[in-house]
Amino acid sequence: MHLSFMRLPSISCLALLVASCGNEELSPSERARMDEADVAAVEAAQVPPPTPVQPGTIGMPDIEKFDMFGAGCSFAPGKGIATVALLQAERGFMKIDNKIVVFAPDAGSGDLPLGAKGKYTGGAWSFILDLASEEGKQSGIETVNYPARLVLRNDHDQIVYQEDGTAQCGS
């Protein structure tokens with residue numbers, strides 16, 4: 001019996017030490033930093049993974065209906081000639097989910113030939129056309145072909161389409 005009374009204070013001290021672990025007082029700035037990190041983790045977990053997009057070909061009926069005539073650049077993926085993005089000084093176009101989406105040029109983005117811009121935004125989408133301007137080759141009387149890459153992003157800034165191909169700029 002005498003032995004169990006001697007253990008009791010040791011066990012009590014040990015229990016108090018364990019209970020006090022992790023209950024350190026945090027400064028308001030430390031607490032705010034931890035709260036911000038927790039909120040960021042929850043928000044990141046709520047963003048769904050990107051759904052890939054396969055842009056449609058912009059054909060002559062689309063060009064006529066949306067009056068896409070004029071100077072600018074077009075982009076065709078791979079080695080093909082089927083245009084999936086059309087960029088002009090005042091607007092850009094892509095066909096997404098079989099509907100023409102009209103994009104506005106980003107005035108702060110880089111300049112491409114004939115007044116086109118490097119970035120365009122439209123609704124839940126944005127796209128960037130990056131072309132190798134030093135590698136352009138004359139392809140017609142008023143056209144130049146450039147190696148290029150088109151990147152389409154969704155409203156969460158996730159890449160949903162990315163392809164190398166040819167940008168043809170002309171009037």
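Predicted model: local features only at pLDDT ≥ 70, side-chain atom pairs only at ≥ 80, totals over all residues.
Residues are numbered from 1 along each chain as its sequence is written, and side-chain values use heavy atoms, with hydrogens and water left out.

**Disulfide**
- The structure holds 1 disulfide, a term for a pair of cysteine sulfur atoms within 2.5 Å, and in the link formed by Cys73 and Cys169 the sulfur atoms are 2.0 Å apart.
- Cys73 belongs to strand 1 (residues 72-77) and Cys169 to strand 9 (residues 159-170), so the pair ties together parts that are 96 residues apart in sequence.
- The link of Cys73 and Cys169 is right-handed, with 105 degrees about the S-S bond.

**Ser74**
- Ser74 is placed in strand 1, and it counts as buried because its relative accessibility is 14%.
- Not counting residues up to four places away in sequence, Ser74 touches Thr83, Ala85, Leu86, Thr166, Ala167 and Gln168, a contact being heavy atoms within 4.5 Å.

**Whole protein**
- The protein has 3 helices and 9 strands, which are DSSP runs numbered from the N terminus (helices H or I, at least four residues; strands E, at least two), and along the sequence they follow the pattern α-α-α-β-β-β-β-β-β-β-β-β.
- Of the 171 residues of the protein, 30% count as buried.
- Among contacts between residues at least 6 apart in sequence, 47% join residues at least 24 apart.

Note on methods:
Buried < 20%, exposed > 50% of the residue type's maximum accessible area, 1.4 Å probe, protein only.
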